[in-house]
Amino acid sequence: MRVLAMALKHLRTLTPLLRFNCQSKTFGKDSIKTILVPVKSYSAQHGGEDTGRAAGQTVVSERTGSVVTVAINRPEVRNAVNQETARRLLEELKAFDSDPGLNVAILHGKGGNFCAGYDLKELANHTGPSKLEQDVTKGPMGPSRLQLSKPLIAAVSGFAVAGGLELALLADLRVVEESAVMGVFCRRFGVPLIDGGTVRLPRLIGLSRALDLILTGRPVGAQEALAYGLANRVVPDGQALQVALELAEHISSFPQQCLRADRASAMYGCYDAPSFTQAMQYEIDHGIPVIQAEAVAGALKFTSGVGRGVEYDRELSPHRRHHKEFKFNLSQIPEGEAITAAEFRLYKECVSRAFRNDTFLLKVYQVVKEHPDREADLFLLESRRLWAAEEGWLEFDITATSNLWVMSPAHNLGLQISVETSSGQSVSSKEAGLVGRDGALDKQPFMVAFFKVSEVHIRTVRSASGRRRQPHRNRSAQPPEGSRGPGPADYNSSDQKTACRRHELYVSFRELGWQDWIIAPDGYAANYCDGECSFPLNAHMNATNHAIVQTLVHLMNPENVPKPCCAPTKLHAISVLYFDDNSNVILKKYKNMVVRACGCH
């Protein structure tokens, strides 16, 4: 009943479109040229749209990187398609398919509706004999008979009915808003499906369900469309375009030759293959060339550790759609080993455009429990305020969480991160400048853990027999037997408790009495280095070659040569907003303020 009421509500607004006459327009060469100028087609902040358009802009497009959005811009008639709009849609999608710099296209409608089908007013006012397009590559709706070689996503809001449904069926994926209505509404007006609807719909949802929609012309709500497979995602109203853009960027980040080969094989097997054997042959014929072009490089990337078990892609709820999930494989940690320190590290790049003068609130959660019918339970580990212009590694202490995962692997459900702007708007981690697994190899997220050494294996001193002695060796440097310093065996695992490492230290500007002139931040995690640099210097101690040699000399002569010192090896900057002596507000980056790593020097 809810779907029927929703459809009747929309139908009342749709009826004038079928009843009133509209003055047709013709466009000259110059006005057609203006259509090609990209315009901003959506508001990322509010999900709204700019429905204003200049004369002739029945279709507008906007290119962002390797993704292009194509919008039907006739909101006054619920984006019903006339001949001019059909021609422009066909031009835009053909241009997308032939452009090597574009990977994914998004088709949507402006003004709250996807498309109400073909403009029946134009058909009703046509006095001459009907001359519908007979070319199999062109349809009354424009591109609906095309076979594109690259992915197309439909962002569906409001009505996607009759020919508008056929346009949505052209897409590989459909992101549908909760209040959207789909259906073969042309059934009631005696207008047949001649833009691929009778071909694509049965292949997509099955013949039985397709005939239900085709024969009855009834409305289909978003949730029923999702259950049928007609919708791939259902999102809150006003968010279809934004979610489609994120999906397009994600698809565009993959190796494209392999992706398109697999897509083409799936399409051939579904529509064109005369037999299973020929479908399999097509798959192998088109897959083999990709192996040398992309698969070998991908295998090398995999064996180097990139993309394995760190960033985890999974469909989350609409409320948490911007959350990013990370999982870690700790199964190779030897039994009985305890983690003394563990850090989760993310690299943040400078964000200089959309959020130039803004700050982000980054939150790191531990996934405590997962549920099949609702969102997972999360425990907040840390929240941190970041400047949009800040750049560098972010480190989060997850020692306690990691030890729980080691002791009880069933609790290893990973981490989630979320990012909000200063106004509380949820944004994706990519928009905030956080580098994911598709970023540069040296900036990808990872976890680092340090372990308590349960047994120290010391390499025995190599015998001098069989080697010619060095002449004139100074023996006086050797200490007497009674004053021998501690040997390698004297350094046991108890020293590892005080091994050189980074310790937490939070500096509060208020406690220092600086709150009168420092505006932000209130303080910062400065950290400090402390601990012993004892033999043997393990890899996580970041020891210099000089420190290693000094440690060996200290073993031989402890009274004259001290141990190496524990000191910072990596320091990062912080940005401070403050008043200068003339009461001017200054934003300045101070170098070497935060200890990021410690080592033996």
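**Entry 1**

I began with a pair of valines: Val-156 stands opposite Val-176 in β6. The model is a predicted one, in which I read local features only at pLDDT of at least 70 and side-chain atom pairs only at pLDDT 80 or more, while totals for chains, interfaces and linings use all residues. Residues are numbered from 1 along each chain as its sequence is written, and side-chain values use heavy atoms, with hydrogens and water left out.

Helices (H or I, at least four residues) and strands (E, at least two) are DSSP runs, numbered from the N terminus. I took two strands as paired if DSSP finds at least two bridges between them. By that criterion I noted that β4 and strand β6 (residues 173-177) run parallel and are joined by four bridges. Ile-153 has Leu-173 as its bridge partner in β6.

I then looked at β3. Four bridges join β3 to β4, and these strands run parallel. Ile-106 stands opposite Ile-153 in β4.

Which residues point each way from β4? I recorded Leu-152, Ala-154 and Val-156 on one side, Ile-153 and Ala-155 on the other, and all are buried. Because five of the five residues of β4 are buried, the strand is largely enclosed by the rest of the structure.

**Entry 2. The sheet**

I traced an open sheet of six strands with mixed pairing, in the order β1-β2-β3-β4-β6-β8. Its edge strands, β1 (59-64) and β8 (233-235), each pair on one side only. From one strand to the next, the twist averages 20 degrees. Helix α5 packs on the sheet and touches β2, β3, β4 and β6; its direction makes about 140 degrees with that of β4. Here contact means heavy atoms within 4.5 Å; axes are lines fitted to C-alpha atoms, for helices over the stretch in contact, and angles run from 0 to 180 degrees between N-to-C directions.

**Entry 3. Nonpolar cores**

I defined a nonpolar core as a set of buried Ala, Val, Leu, Ile, Met, Phe, Trp, Tyr and Cys residues joined through side-chain atoms within 4.5 Å. The largest holds 47 residues, of which Phe-114, Leu-167 and Leu-230 touch the most other members. At least two residues of this core come from each of β2 (67-72), α3, β3 (104-109), β4 (152-156), α5 (163-170), α6 (197-205), α7 (207-216) and α8 (222-228).

Not counting residues up to four places away in sequence, Leu-167 touches Ile-72, Val-81, Leu-89, Leu-107, Phe-114, Cys-115, Met-141, Pro-143 and Ser-144. A second, separate core has 25 residues, including Phe-328, Phe-360, Leu-394 and Met-447.

**Entry 4. Helix α3**

I found that helix α3 (residues 83-98) has 16 residues and reaches 23 Å from its first C-alpha to its last, close to the 22 Å expected at 1.5 Å a residue. The expected span is 1.5 Å times one less than the number of residues. The helix has as its buried residues Glu-84, Thr-85, Ala-86, Arg-88, Leu-89, Leu-90, Glu-92, Leu-93 and Phe-96.

**Entry 5. Salt bridges**

I counted a salt bridge where a side-chain nitrogen of Lys or Arg lies within 4 Å of a carboxyl oxygen of Asp or Glu. The whole structure gave 17.

Within it, Glu-91 and Arg-87 meet at 2.4 Å, N to O. Why are Glu-91 and Arg-87 separated by about one helical turn? Because they are four residues apart in helix α3. Glu-91 is partly exposed at 34% relative accessible area, and Arg-87 is partly exposed at 29%.

I next looked up Arg-218 and Asp-212, whose closest N and O atoms are 2.9 Å apart in a salt bridge. Arg-218 is partly exposed at 23%, and Asp-212 is partly exposed at 26%.

Arg-345 also forms a salt bridge, with Glu-395, the closest N and O atoms being 3.8 Å apart. Arg-345 lies in strand β11 (residues 339-348) and Glu-395 in strand β14 (residues 392-397), so the pair ties together parts that are 50 residues apart in sequence. Arg-345 counts as buried at 16% relative accessibility, and Glu-395 counts as buried at 7%.

**Entry 6. The whole chain**

I closed with totals. The protein chain has 13 helices and 24 strands, and 42% of its 601 residues are buried. Of its contacts between residues at least 6 apart in sequence, 71% join residues at least 24 apart.

Definitions and conventions. Buried means under 20% relative accessible area, exposed over 50%, partly exposed in between (1.4 Å probe, protein chains only).
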